[in-house]
Amino acid sequence: MPLRNFFLPPLNPPLLDWAGKTVWIVGASSGIGKATAAALHALGARVVVSARNAQSLAAFVDTHPGSRALALDVTQRQAVQSRAAQLLAQGPLDCVVYCAGHYNAMRADALDVADMLRHNDVNYLGALYLLDAVLPALLARGSGHISLVGSVAGYRGLPNSLAYGPTKAALINLAETLYLDLHTKGLGVSIINPGFVQTPLTAGNDFAMPALLTPEQAAQAILRGWGRGAFEIHFPKRFTLWLKALRILPNRLFFQLVRRIAP
């Protein structure tokens, strides 16, 4: 047992042995979700990948024998319910990962309500639809793990994050509340807060992205976090720890500092 686990037990049961475990990753057609699905498949997990892009999912299954694809639009509540029922009818889910995401940089002088609502539908409401669909079965079984992919953009308000940041802040708060409600019922809950990762979502950024990671590096960081039994999995530390420090700054100092860094 690691020394830190002796003094500070992990907040979740460590997830180390993935052989034969069924993992449903929603938002797995590219980026972090796809890389995490591939990493879990390599460890022997029975991976189910979902996203809107059926062609990308089919290509994943072709190169990862034994995996399964279920095309899904997370903004369609009944579709989420149907896919979840389809999976649960075939056996229990050991881990459910919500990785679907929508991102466009936005500032208040170019506010686009329609796109803000799209962010909310994909990044937050889709997670609620998934929880509604899988929680009864997980609670009845008394085991399983739920992991939501947030972002360090949810820590505090940041430039260009008018639409994206609030949805990720909502996921962070949601995960914290889920943990309080579900930990005593045998379920694990984790929130994954990446920094910048090379994905289709970040490809359009026209600003420097410090400590940029590949999706494969992000996937390995997630696996390490699950293996430690962490509640929050954030990476890379050389970037995310600075953003964590911003959370405790007084508002006046926070605003002054961020304006200097990203005017």
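**Aromatic pairs, cores and salt bridges**

At 13% relative accessibility, Tyr164 counts as buried, since the cut-off for burial is under 20%. The model described here is predicted. Tyr103 is also classed as buried, at 13% relative accessibility.

Four aromatic pairs occur in the structure. In one of them, the rings of Trp18 and Trp226 are tilted, with planes at 50° and centres 5.4 Å apart. This pair links distant parts of the chain, 208 residues apart. Trp18 sits in the loop between α1 (3–7) and β1 (22–26), and Trp226 in helix α7 (residues 215–228). Both Trp18 and Trp226 are buried. Tyr103 and Tyr164 form an edge-to-face pair.

Nonpolar side chains tend to be buried together in soluble globular proteins. The largest nonpolar core in this model has 43 residues. Trp24, Tyr98, Leu130, Val134 and Leu148 have the most contacts inside this core. Helix α5 gives the most to the core, with nine residues. Apart from this core lies another, of 31 residues; Val23, Ala39, Phe60 and Phe235 are among them. Leu148 touches residues including Tyr98, Leu171, Leu174 and Ile192, leaving aside those up to four places away in sequence.

Leu111 belongs to the loop between β4 (95–98) and α5 (113–141). Its relative accessible area is 47%, so Leu111 is partly exposed.

Three salt bridges were found across the whole structure. Asp132 and Arg77 meet through their side chains, at 3.2 Å from N to O. Asp132 is in helix α5 and Arg77 in helix α4 (residues 77–88), so this bridge ties together parts that are 55 residues apart in sequence. Asp132 is partly exposed at 36%, as is Arg77 at 43%.

Asp94 bridges to Arg141, with the closest N and O atoms 3.2 Å apart. Asp94 lies in the loop between α4 and β4 and Arg141 in helix α5, so parts 47 residues apart in sequence are tied together. Asp94 is buried, at 17%, whereas Arg141 is partly exposed, at 40%.

Lys244 and Glu232 form a salt bridge, with closest N and O atoms 2.6 Å apart. Lys244 in helix α8 (residues 237–246) is twelve residues from Glu232 in strand β7 (residues 232–235). Lys244 is partly exposed, with a relative accessible area of 22%.

Definitions and conventions: Residues numbered from 1 in each chain as written. Predicted model: local features only at pLDDT ≥ 70, side-chain atom pairs only at ≥ 80, totals over all residues. Heavy atoms only, no water. Helix = DSSP H or I, 4+ residues; strand = E, 2+ residues; numbered from the N terminus. Buried < 20%, exposed > 50% of the residue type's maximum accessible area, 1.4 Å probe, protein only. Core = buried A, V, L, I, M, F, W, Y, C linked by side-chain atoms within 4.5 Å. Contact = heavy atoms within 4.5 Å. Phe/Tyr/Trp six-rings, centres within 6.5 Å; stacked < 30°, edge-to-face > 60°. Salt bridge = Lys/Arg side-chain N within 4 Å of Asp/Glu carboxyl O.
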